[in-house]
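Please open the structure in the viewer and keep a selection tool at hand. The tour moves from one selection to the next.

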Amino acid sequence: MNLEWLAQGVGIIAFIIGITTFINRDERRFKKQLSCYSAVIACHFVLMGAWPAGMSAGLNALRTLITLRTRSLWVMAAFIALTLTLGLAKLQHPMELLPIVGTTVSTWALFRWHGLGMRCIIWCSTVCWVVHNFWLGSIGGTLIEASFLVMNGLNIIRFRRMQRRGIDPFRVERAVIEQASARADGGRAG
């Protein structure tokens, strides 16, 4: 019983950390906060004995930080392979496939997309986690992922409305991506 309370307590801490994640327009802050949340929720899942979810969330934490440095297809493929290998190795119930699918989809989104497209794909990934966490009985996990679903959904709508009015909510992010691309191209040319 004490381990159950500890696990649920860690889940509540993850909920507190993650509650404001999707409000960030700045992609670097968004990814750093998402990574911190993922590390704490990974501990929660391991304490609950949900190894595929724990491994997926742990890989999410590392993967999200790495996407701050690279969007390499090879790195993306390595994380997808790790997610599938580690997650499927401990699979005990079909519902445990949901975090594996969610992590695979969000890995693709974080490496290949940005801005509104990335958030829409991550929203779909979040659906997998909500269903899994509810099935698992994870109070903090269900609360945070349901909150992510609502908050990210509302922000997607808000950012889309801004775009329709001619306002680019991801202007700063786009400029950073363009600068990084120009530096990479300049390094190759020299």
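This is a predicted model: local features need pLDDT of at least 70, side-chain atom pairs count only at pLDDT 80 or more; totals for chains, interfaces and linings use all residues.

Residues are numbered from 1 along each chain as its sequence is written, and side-chain values use heavy atoms, with hydrogens and water left out.

**The core.** Select Tyr37, Ile41, Phe45, Ala57, Met118 and Ile122, which have the most contacts inside the largest nonpolar core, a set of 20 residues. Such a core consists of buried Ala, Val, Leu, Ile, Met, Phe, Trp, Tyr and Cys residues joined through side-chain atoms within 4.5 Å; buried means under 20% relative accessible area, exposed over 50%, and partly exposed in between (1.4 Å probe, protein chains only). Among the elements that give two or more residues to this core are helix 1 (2-18), helix 3 (51-66) and helix 6 (115-136). Helix 2 provides the largest share, seven residues. Helices here are DSSP runs (H or I, at least four residues), numbered from the N terminus.

**Along helix 2.** Next, select Lys31 in helix 2 (residues 27-47). Lys31 counts as buried because its relative accessibility is 1%. Beyond neighbours within four places in sequence, Lys31 is in contact (heavy atoms within 4.5 Å) with Thr64, Thr67, Leu68, Arg71, Leu110 and Met118. Then move to Val40, also in helix 2, which counts as buried at 18% relative accessibility. The C-alpha atoms of Val40 and Ile17 are 8.6 Å apart, although 23 residues separate the two along the chain.

**An aromatic pair.** Select Phe159 and Phe170, both of them buried. How are their rings arranged? The ring centres are 5.0 Å apart and the planes stand at 75°, so the pair is edge-to-face. Rings of Phe, Tyr and Trp (its six-membered ring) pair if their centres lie within 6.5 Å; planes under 30 degrees apart count as stacked, over 60 as edge-to-face and the rest as tilted. Phe159 belongs to helix 7, and Phe170 to the loop between helix 7 and helix 8 (171-189), eleven residues apart. The structure holds five aromatic pairs.

**A last stop.** Finally, select Leu84 in helix 4, which counts as partly exposed at 35% relative accessibility.
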